[in-house]
Amino acid sequence: MATFFGEVVVAPSRAGVDDEEEAREETPEDQEIRRELEKKREVEVLWYLKSGTSAESSADKPFVCSRFIVAIGHNAAAFLSSFILDSVCWEVVGVVKLWNEWCRTSQTTNVLPTDSFCLFYRLISDPTVLLCQCSCYVAEDQQFQWLEKVFGCMQKEGLQVTILSTCPVADYKTQESTLTLPSPFLKALKTKEFKEHICCPLLEQPNIVRDLPAA
Amino acid sequence: MFVPCDRGGGSASSDFKGFTLLMPAVSVGNVGQLAIDLVISTLGMTKVGYFYTDCLVPMVGNNPYATAEENSKELSINAEVYWLPSKKLVVLQIRSPFIKNKYRPFCETLLSWVKSSNCARVVVLSSSHAYQRDDEQLLGTPLRYLLTPDLEKAVGSFMQELNWKEMEKVAAYPGINDTEKVLHIPGGGITKLLFTESCSKGIQMAVLLKFCSEGDNIPDAFALVNYLNEWLQLIKSEVNASLQWKIPSSWRLLFGNGLPPALF
């Protein structure tokens, strides 16, 4: 495709599959590099048992969970820190360790609000209530893993999940301009199994949710 | 991969014996996906399940084919399956791109699902970069088709009657050796992979594609869906066929929001 200056450029396509990627055969070295990268990008979920020692997540003994609240992104995580979490009623029970081009989280549970972290808390008075603060960015290829490894440890019968997240107002699709829209505002999406009352309107078409909240 | 869902009265089943599977390739201009939206929306198809897969970028929203308040609250995700038993048609819609390095596993799983669900044939709607056409392709119709050998036997002659143009092969080494020809579908996403795999697995597959560029691809979607209709006769093709296709509510605001009055 020629541009104004006459040089030929390859137009970026929504197809999502580069022709080069398609045509190139993987050498053993390529495969090795890819495997190493995949290992580096693996999501690890570590749960801390009552005794204070850490242990790998065990799928053989899923724990009972009645409510799971997940806050994704800095704003949602800050909301939980400001209004919900405190050291009296909540205890840290787990952490997610991951690395991607945007952030790295560690095993430490002593985090600053400006750090990238993903921590799990449990309500001391009702240990079936779990909370997750995920201020780190979970990349596309890690979202499914995160999902499987976190939910894999939970008993899903009678589980109610609430996901808190934020999106820029500029991304909101509406007939009027977003400039005059009173913000911030709340919108919700719910599964048909969710029967409780929702405190805000549902997200209208053609708006969608992406990334970890969508996963 | 395929998770059937409650069809409101009917039992959830994954057997589509004798059905035609219609699906898009995520390709230039998203033309295949837009065309599939028109099919699902116009025929009022019912959702019968979805794909639980780690190969596509996650997304979720409310029902993109909503026509009223009542039916606008159903969640919709990135890969869903709809059906219309009266026309023995099952449709897969893909709403997001592939995650890096995941398109091959997706194709493999998809084709094995096609076999296990007993679909009679698969029709892939796709597109290819218009700027890569050669001089001959610049003239005449921008629509092309491809048939796997198994389907060629069944419907090849019908395509001849319809006066359809088969997708040309290009030289494998242009300028050096013009005799060796290969299939090349630039911008077609997984189209070529699906097609070549289907040829080797004996799956009856047809590919219908349009040459186009990125931009407002709604007219391309209409052209492609009318092309499909010439063969499958999904709706009665009258003089102005484009008026028969119903645009879904999710196509609103494709090019942005309203403008702030303060701009003027």
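With which residue does A:Arg67 form a salt bridge? The partner is A:Glu196, and the closest N and O atoms of the pair are 3.6 Å apart; a salt bridge here is a side-chain nitrogen of Lys or Arg within 4 Å of a carboxyl oxygen of Asp or Glu. The model is predicted, with local features needing pLDDT of at least 70 and side-chain atom pairs counting only at pLDDT 80 or more, while totals for chains, interfaces and linings use all residues. Residues are numbered from 1 along each chain as its sequence is written, chains are lettered from A and ligands numbered from 1 in the order in which they are written, and side-chain values use heavy atoms, with hydrogens and water left out.

Chain A is assigned domain 1 (40-49 + 62-105 + 112-165) and domain 2 (169-214), the bounds coming from an automatic or database domain assignment. Their C-alpha centres lie 22 Å apart. In contact terms (heavy atoms within 4.5 Å), 10 residues of domain 1 of chain A meet 5 residues of domain 2 of chain A. The two domains bury about 660 Å² between them, 66% of it on carbon and sulfur atoms; buried area is the accessible area (1.4 Å probe) that two parts lose on being put together, summed over both. Of the area that domain 1 of chain A buries against domain 2 of chain A, 53% is supplied by A:Ile72, A:Gln143 and A:Gln160, more than by any other three residues.

The count of salt bridges between these domains is 1. On the domain 1 side, strand 4 (67-72), helix 4 (140-151) and strand 9 (160-165) of chain A each supply at least two residues, and strand 9 gives the most, with 3 residues. Helices (H or I, at least four residues) and strands (E, at least two) are DSSP runs, numbered from the N terminus.

Turning to the two chains, 45 residues of chain B are in contact with 41 residues of chain A. The area buried between them is about 3,600 Å², with 56% from carbon and sulfur atoms. The count of salt bridges between chain B and chain A is 0. On the side of chain B that touches chain A, strand 4 (59-62) and helix 2 (103-116) of chain B each supply at least two residues, and strand 4 of chain B has the largest share, 4 residues.

Within strand 4 of chain B, B:Val60 is the bridge partner of A:Val209.

Conventions
Two strands pair if DSSP finds at least two bridges between them.
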